[in-house]
Amino acid sequence: MIRRRIPLAAAAAALMLGALAACSSGGGGNSASSSSPIVACGDLALAGPYAQIGETDNWGATAYFKHVNATGGILGHKVNYVSFNNQSNAAQSELIARKCIQQYHANVIIGPESGADTESALPIAIANHTILISLSSGWQTNGYPANELNSWGFPGFYDVFYQDQFASVQNLIVPRHYTRVALLEDNCGSVCLANQGSVQALAKQYGFQLVSTQIDQVGATDVTPQVLALLAAKPQIILFGLVPGTDSITAIRAIRAQNPTIPISECSACELPSFIAAAGGASVMKNIYVLGSMSNWLTAAQQGTSAQEKATATGLEAYMAGMKAAGLGAEDQIDNSQEGWDAGLEITWAIQQAGNLDHSTIMQKLQHLNINTLGIVWNRNPANYENISQVLAAMEIINPDGTAALYK
């Protein structure tokens, strides 16, 4: 089922297909010669509790910049993309940000994935007037100081946690007339802990009760006490606010050990074959509702009739073709790598709008980002970098054979 928000703004499908052609290099305070490369530096979690996200972000960015270089670069400049493993660690994220700037002279930093790690890297980028595209979920709810929310750091993705809760309300809680809802969330910083307030607000608006909220630590290997407390409140559905990967797997196993049928929603990045196998197979995933795969996201967009939906489909087709061209066409690779690709789209759009490689001019263009990145419609302004008109996504279920299908 497609999640529909406010009507889509005009999408920039041309960006995906042909607007990456070479142009002449411009001037500006940080201008470069026509032969100098653009350096994009990944500050990514390739180990630790955020590794599932970091790995796919790296795949997406790798594929995007290979696609850019194969089609002429950005304003004629090739992109050198280098990535480093911050190990899901805030101190390492800071060190890598410094390394990207001081040793690699990065034009832009991509990452990190978590709010806490971003908060360590972000001041370094701001102090050095280096653009940082954060891949953490949420922006306003991440607890960054106000002066960091409208400076050199920008969100590269929407608030997945809130959108998951909203989709669960729209697609399951309201249609099924559930009145008792429980929430399991990670203590991964303010963006995770904001889930309770979001669900409470939705409960007031849509007429259900949040009967229990339980919090676990990121990377916990046992959440049985929290699950027992949730189930003791007799909910009709359990909502997740969990980091994709180990945390979700641990929670699913603990819940299913106590209750094999209670609905669980919405599980982000849980449609991956590797995730399903690690969670215990397709039978364990029964009655678990997941954020849709890119292939079904594309199917949903292709079924639309508006120009905006068609543009989203065109963008997704370019993304999938680019992933496959980079040798990253396996389902595990293609289904959740869009964040890294989206960050590349933001960077390309801003540089093209600037017409040169002047850092300040590119930063100012990013403050007014107005594009559709694979179904995320940005309408950014300097006071609100997270201003998104619509998120076009899909909810799925896992079939008995392990494949994913659109939930209708």
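**Notes on the predicted model**

1. Both Trp-139 and Tyr-144 are buried, meaning under 20% relative accessible area with a 1.4 Å probe and protein chains only. The model is predicted, so to speak with care: local features need pLDDT of at least 70, side-chain atom pairs count only at pLDDT 80 or more, and totals for chains, interfaces and linings use all residues. Residues are numbered from 1 along each chain as its sequence is written, and side-chain values use heavy atoms, leaving out hydrogens and water.

2. On to the rings. A search of the whole structure gives 10 aromatic pairs (Phe, Tyr and Trp rings, the six-membered one for Trp, with centres within 6.5 Å; planes under 30 degrees apart are stacked, over 60 edge-to-face, the rest tilted). Trp-139 and Tyr-144 make an edge-to-face pair, 5.1 Å centre to centre with 70 degrees between the planes. One aromatic cluster is formed by Tyr-64, Phe-65, Tyr-81, Tyr-319 and Trp-341.

3. Trp-378 stands opposite Ile-388 in E14.

4. Buried residues make up 58% of the 408 residues in the chain. Of the contacts (heavy atoms within 4.5 Å) between residues at least 6 apart in sequence, 70% join residues at least 24 apart. The C-alpha atoms fill a box of roughly 65 × 45 × 40 Å along the principal axes.

Notes: Buried means under 20% relative accessible area, exposed over 50%, partly exposed in between (1.4 Å probe, protein chains only). Two strands pair if DSSP finds at least two bridges between them. Helices (H or I, at least four residues) and strands (E, at least two) are DSSP runs, numbered from the N terminus.
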